[in-house]
Amino acid sequence: MTENLEWLERGAGHIWRPYTQMKTAPAALPVVSASGARLKLADGRELVDGIASWWCVAHGYRHPHIVDAVTRQAAVLPHVMLGGLAHEQAYTLAARLAARLPGDLSRVFFSESGSVAVEIAMKIAVQYHLNAGRRRTRFVSFAGGYHGDTFATMSVCDPEEGMHAMFTGVVPEQIVLPLPRDDDSRSLFSQTLDCHAGDIAAVIVEPYVQGAGGMLFHDGDMLRFLRRETEGRGILLIFDEIFVGFGRLGQTLFACEAASIVPDVVTLSKALTGGTLPLAATVAREPVFEAFLDDDPAKALMHGPTYMGNALACAAANASLDLFESEPRLDEARRIEALMRVNLAPLADEPGVVDVRCRGGIAVVQIDKTISLAGLGARFVDAGVFVRPFRDIVYVTPPLNIPEDDCSRLAEAICAVLPAWLRSARSRTPKNS
Ligand SMILES: *Cc1c(COP(=O)(O)O)cnc(C)c1O
């Protein structure tokens, strides 16, 4: 049955879509419902969702345990501000996150989006030093990194991705280095920290996988190197686990556990509510929090998003944590990795494919940079899956509990659609270009 799409036509002239050149972009696909790993379109088609709504939907759409929790909460207390007031869902969630995170990562500040959680981490880092009488205002981040779309978070993104040139003078200038993965980049990193020691508040990194910057993988040794180098100099280390947190890597619930590291601050969002409601958390170690304890009110953290700790969102997050505790999400992420590894392996030999890599619930096919992937998304829709290629990669990050059949369909669609696309791209492109 085809739905009445009057809303689509009426709103299309008014909505401003994300990351979209509105002049040339094809129409967005109208989704009328979703369940498990599938999206149902208005024309009745069902797509297997390879992206899980920007990686948030860890337990599948409309998981009954989360729906129940949100419904019950809505009937009692959908929201109350945290200014001077307390409610059970936020306090319970803070205590549970503190219990699950390693070491003394125990103080949880809630907000409503990942970018804001990173902004708060940055503000905490600067004020942590200020409260101790040190003025340190700069951050070190890494090429290929992504930490959000607001100005402060753009400043610690990859310079190209963060549009530093376009927004010169608006985006603060930070120190963006190559990931210290070999001897040269390691000594550059150490030298830079020495050079600017009195100026650097914190180093920020996405542990193990740089997500929106191109799904680039690195290892735990590098992260332990960052921990050693920052610790010795009194520089804070921020792990942005907004993408990799909550089992996406198939190793541990949080990436810092897999690296056996306790960062000074961790940011969480995306899968925190299982992809149901917006919520984010900035979690600080005890000594970081203690730097804000003083008789002087000016040493308090002056931040407080209106909707922070929203009760519906916290209820969803508590229910999502229940599922991580009661269902085998880490095993499931590893199952995705195993299936994708086997099924995508043949693509590595395709001309135009630069790399095929899988880790936990993330599978990536990287294409030669000169081949445009614009328009490829529509081919995937024709093949019954939702996959959103960007820049030079085709990737999937499905719900961790995606049924095996659906996961196979994602792999089959990529193996069917991509080689044909690459062949026609080569015939479109002259050989010497
Ligand atoms: C998505 C993401 C963010 C930004 O989160 P928003 O909720 O989109 O503001 C920050 N850091 C990482 C690693 C992310 O993947």
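Asp104 and Arg285 are joined by a salt bridge in which the closest N and O atoms are 2.6 Å apart, where a salt bridge is a side-chain nitrogen of Lys or Arg within 4 Å of a carboxyl oxygen of Asp or Glu. Because Asp104 belongs to the loop between H4 and S4 while Arg285 belongs to strand S12, the pair ties together parts that are 181 residues apart in sequence; helices (H or I, at least four residues) and strands (E, at least two) are DSSP runs, numbered from the N terminus. Asp104 is partly exposed, with a relative accessible area of 25%, whereas Arg285 is buried at 17%; buried means under 20% relative accessible area, exposed over 50%, and partly exposed in between, with a 1.4 Å probe and protein chains only.

The model is predicted, so that local features need pLDDT of at least 70 and side-chain atom pairs count only at pLDDT 80 or more, while totals for chains, interfaces and linings use all residues. Residues are numbered from 1 along each chain as its sequence is written, and side-chain values use heavy atoms, with hydrogens and water left out.

Side chains of opposite charge can pair when their charged atoms come close. By the rule given above, the count comes to 20 salt bridges. One of them is formed by Arg38 and Asp406, at 2.7 Å from N to O; since Arg38 lies in strand S2 (residues 38–41) and Asp406 in helix H14 (residues 404–428), this pair ties together parts that are 368 residues apart in sequence. Here Arg38 is partly exposed at 26% relative accessibility, and Asp406 is buried at 5%. Another salt bridge joins Arg224 and Asp221, at 3.0 Å from N to O, and these two residues, 3 apart in helix H8 (residues 220–231), are separated by about one helical turn. Salt bridges that share partners also join Arg96, Arg100, Asp322 and Glu325 into one network.

A polar backbone atom of Gly114 is 2.8 Å from an oxygen atom of the ligand, and an N or O atom in the side chain of Ser115 is 2.6 Å from a ligand oxygen atom. On Asp240, a polar side-chain atom lies 2.7 Å from a nitrogen atom of the ligand.

Rolling a probe the size of a water molecule over the atoms shows where empty space is left. On a 1 Å grid over the protein atoms alone, a cavity is a set of points where a 1.4 Å probe fits but cannot get out, and a pocket is an open set with protein on both sides within 12 Å along at least five of seven lines; lining residues have an atom within 4 Å of a point. The second largest pocket has a volume of about 650 Å³, a volume being the space filled by probe spheres set on the points, which are joined across faces, edges and corners. Of its 26 lining residues, the closest to the centre are Arg107, Val108, Phe109, Phe289 and Leu301. Helix H4, strand S4, strand S12 and helix H10 each supply at least two residues of this lining. The largest cavity has a volume of about 40 Å³, and its lining includes Trp55 and Phe243.

Notes. A polar contact is a pair of N or O atoms within 3.5 Å; within protein, one must be able to donate a hydrogen and the other to accept it, and residues adjacent in sequence count only if both atoms are side-chain atoms.
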